[in-house]
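Visitor: I would like to go through this model step by step, beginning with the overall layout and then turning to single elements and residues.

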Amino acid sequence: MKYTLVNRKKSTLAKSNEEFVTWMRKSDLQSFENNHDFMEAYSHRKSTFENIELRFATEDEFVEDLQKNDMLKIETPERKWGIF
């Protein structure tokens, strides 16, 4: 799946929500040991500075809330060379 952070116009291909959140964590300016710590901090920043509430108990809830708040777009990438 193609995950695009709408405001940043940054995209990545990921096989799962967990893989996408790991990509977000590794791309962040701060360093976090695990996805949960990253999601909690990211959620806190969004709540504090933008009044956006994001759940962070699981990667699925986190990604669902990113989509619900129009912060994330998920698409199936087009195949250019037919079916393989």
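Visitor: In what order do the elements of the chain run from the N terminus on?

Guide: This is a predicted model, and its chain has three helices and three strands. Read from the N terminus on, these elements follow the order β-β-α-α-α-β.

Visitor: How many residues does the chain have, and what percentage of them count as buried?

Guide: The C-alpha trace spans about 45 × 25 × 20 Å along its principal axes. With buried taken as under 20% relative accessible area, the share for the 84 residues of the chain is 35%.

Visitor: How far apart are the end C-alpha atoms of helix H2, and what span should its residues give?

Guide: Helix H2 covers residues 35-50, and at 1.5 Å a residue its 16 residues should span 22 Å.

Visitor: Which helices are included in what covers the buried residues of H2?

Guide: The buried residues in H2 are Asn35, Phe38, Met39, Ala41, Tyr42, Ser43 and Lys46. An α-helix has 3.6 residues a turn, so residues three or four places apart point the same way. What covers the buried residues of H2 includes helix H1 (17-27) and helix H3 (59-68).

Visitor: Which element gives the largest share of the lining of the largest cavity?

Guide: A search of the whole structure for cavities of 30 Å³ or more finds one, and the space in the largest cavity is about 60 Å³. Its lining consists of Leu5, Arg8, Lys10, Trp23, Met24, Ser27, Asp28, Phe38 and Tyr42, with H1 and H2 being the elements that give two or more residues. By class, the lining residues divide into five nonpolar, one polar and three charged. The largest share, three residues, comes from H1.

Visitor: Is threonine 12 buried or exposed?

Guide: Threonine 12 lies in strand E2, which covers residues 10-13. Leaving aside residues up to four places away in sequence, threonine 12 touches Met1, Lys2, Tyr3, Phe20 and Trp23. Because its relative accessible area is 16%, and the cut-off for burial is under 20%, threonine 12 counts as buried.

Notes. Residues are numbered from 1 along each chain as its sequence is written. This is a predicted model: local features need pLDDT of at least 70, side-chain atom pairs count only at pLDDT 80 or more; totals for chains, interfaces and linings use all residues. Side-chain values use heavy atoms; hydrogens and water are left out. Helices (H or I, at least four residues) and strands (E, at least two) are DSSP runs, numbered from the N terminus. The expected span of a helix is 1.5 Å times one less than its number of residues. Buried means under 20% relative accessible area, exposed over 50%, partly exposed in between (1.4 Å probe, protein chains only). Contact means heavy atoms within 4.5 Å. On a 1 Å grid over the protein atoms alone, a cavity is a set of points where a 1.4 Å probe fits but cannot get out, and a pocket is an open set with protein on both sides within 12 Å along at least five of seven lines; lining residues have an atom within 4 Å of a point. Grid points are joined across faces, edges and corners, and a volume is the space filled by probe spheres set on the points. Ala, Val, Leu, Ile, Met, Phe, Trp, Tyr, Cys and Pro count as nonpolar, Asp, Glu, Lys and Arg as charged, and the others, Gly among them, as polar.
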